[in-house]
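Here is a short briefing on one protein chain. Please look over the sequence and the fold before reading on.

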Amino acid sequence: MAKDDPSVRCLQGLLVFGNVVIAMSGLALMGECIFFVTDPWRLYGLLEATDNDDVFGAAWIAIFTGFSLFCLAVLGIVALLRASRKLLLAYLILMFVVYAFEMASCITAATQQDFFTPNLFLRQMLERYQNQSGPTNDDQYKNDKVTAIWDRLMLQEKCCGVNGPSDWQNYHSVFRLTHEDAEFPWPHQCCARDGQYRPLNLDGCKLGVPSYYHKEGCYQMISDPLNRQAWGVAWFGFAILCWTFCVLLGVMFYWSQIEP
């Protein structure tokens with residue numbers, strides 16, 4: 001069919017619009033993932049200590065694919081307007097490569113949601129919190145980082161442990177080895193505080209007097225941001241892939257219809 005055939009011109013316009021959407025979606029995906037990898041909740045250390053920070057890896061891949069989708073969408077628009085078979089072929093090949101990378105990012109992020117369990121963070125907290133006997137410098141660095149994150153979480157989010165204060169009493173932990181239960185049943189960060197972060201009543205906190213210590217666990221404060229990150233990277237990326245797949249089918253049909 002000729003390039004100036006009305007049906008071909010109509011398809012060309014639709015595909016240009018489709019690539020404009022891909023370009024904008026690519027920029028949105030890149031911006032979303034840049035926000036995630038900056039770790040605004042400062043929880044990366046908890047995943048790093050488990051040697052499974054794949055959700056951040058998926059976000060880094062999505063930054064690359066988001067920028068690539070933008071660039072290739074611009075190439076696709078130029079190729080469509082010029083009706084160039086060579087440019088369209090290059091566009092299709094490169095787009096399928098980026099498509100594979102983005103699919104890997106989506107799958108990685110989606111599967112990580114099952115990884116964020118209470119037992120994972122509970123075991124890590126019990127083993128690493130205030131642990132000063134790391135066998136290597138790397139282990140000690142992770143212990144210190146986990147301790148700092150838990151101290152900040154319990155102070156700022158007004159929570160205690162993963163499931164609650166009982167975590168420090170019901171399970172064997174490094175903290176329990178160095179603190180007697182009668183004197184320190186849980187870390188001081190579990191105590192309710194005034195506006196200047198001073199304990200309201202330290203003795204009342206140690207004795208478990210209501211309103212002087214935090215009864216809620218911190219699990220939701222950890223899992224909710226990480227699950228939102230995994231959901232955003234996975235399902236927004238998947239939506240882009242669905243749209244891109246339809247556009248690629250249209251481009252392949254358009255490529256077959258224009259004359260060499």
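This is a predicted model: local features need pLDDT of at least 70, side-chain atom pairs count only at pLDDT 80 or more; totals for chains, interfaces and linings use all residues.

Residues are numbered from 1 along each chain as its sequence is written, and side-chain values use heavy atoms, with hydrogens and water left out. The protein chain has ten helices and zero strands. Helices (H or I, at least four residues) and strands (E, at least two) are DSSP runs, numbered from the N terminus.

**Overall shape**

- Along the sequence, the pattern of the protein chain reads α-α-α-α-α-α-α-α-α-α.
- The protein chain is more spread out than a compact globule, because its radius of gyration is 26 Å, well over the 18 Å that the globule rule gives for 260 residues. The radius is taken over C-alpha atoms, and the rule is 2.2 Å times the number of residues to the power 0.38.
- Along the principal axes, the C-alpha atoms fill a box of roughly 85 × 40 × 25 Å.
- Of contacts between residues at least 6 apart in sequence, 72% join residues at least 24 apart. Contact means heavy atoms within 4.5 Å.

**Surface and charge**

- Buried residues account for 47% of the 260 residues. Buried means under 20% relative accessible area, exposed means over 50%, and partly exposed is in between (1.4 Å probe, protein chains only).
- The protein chain exposes about 13,100 Å², and carbon and sulfur atoms supply 62% of that area. Accessible areas come from the Shrake-Rupley method with a 1.4 Å probe; for residues, only the protein chains shown count as cover.
- There are 18 positive and 25 negative charges, and their mean positions are 7 Å apart. Lys and Arg count as positive, Asp and Glu as negative; His and the chain ends are not counted. The place of a charge is NZ of Lys, CZ of Arg, CG of Asp or CD of Glu.

**Nonpolar cores**

- The largest nonpolar core has 39 residues. Such a core is a set of buried Ala, Val, Leu, Ile, Met, Phe, Trp, Tyr and Cys residues joined through side-chain atoms within 4.5 Å.
- The residues with the most contacts inside the largest core are Leu15, Cys33, Leu88, Tyr91, Val233, Val251 and Tyr254.
- Helix 1 (6–37), helix 3 (54–82), helix 4 (85–112) and helix 10 (219–257) each supply at least two residues of this core. Helix 1 gives the most, with eleven residues.
- A second, separate core has 34 residues, among them Val162, Cys190, Ile222 and Leu226.

**Gln124 and Ala49**

- Gln124 lies in helix 5 (residues 118–128). Gln124 counts as buried, at 5% relative accessibility.
- Not counting residues up to four places away in sequence, Gln124 touches Leu46, Ala49, Thr50, Tyr129, Val146 and Trp150.
- Ala49 sits in the loop between helix 2 (44–48) and helix 3. Ala49 is also buried, at 6% relative accessibility.
- Ala49 and Cys191 are 142 residues apart in sequence, and their C-alpha atoms are 26 Å apart in space.

**Leu87**

- Leu87 belongs to helix 4. Leu87 is partly exposed, with a relative accessible area of 26%.
- Leaving out neighbours within four places in sequence, Leu87 is in contact with Leu75, Ala79 and Arg82.
- Leu87 and Gly76 are eleven residues apart along the chain, with C-alpha atoms separated by 7.7 Å.

**Loop residues**

- Gln130 is in the loop between helix 5 and helix 6 (137–156). Its phi is near 55°, a positive value in a residue other than glycine. Gln130 is partly exposed, at 26% relative accessible area.
- Lys158 is in the loop between helix 6 and helix 7 (167–170). Phi of Lys158 is near 55°, again positive in a residue other than glycine. Lys158 counts as exposed, at 54% relative accessibility.
- His172 is in the loop between helix 7 and helix 8 (174–178). His172 counts as exposed, at 63% relative accessibility.
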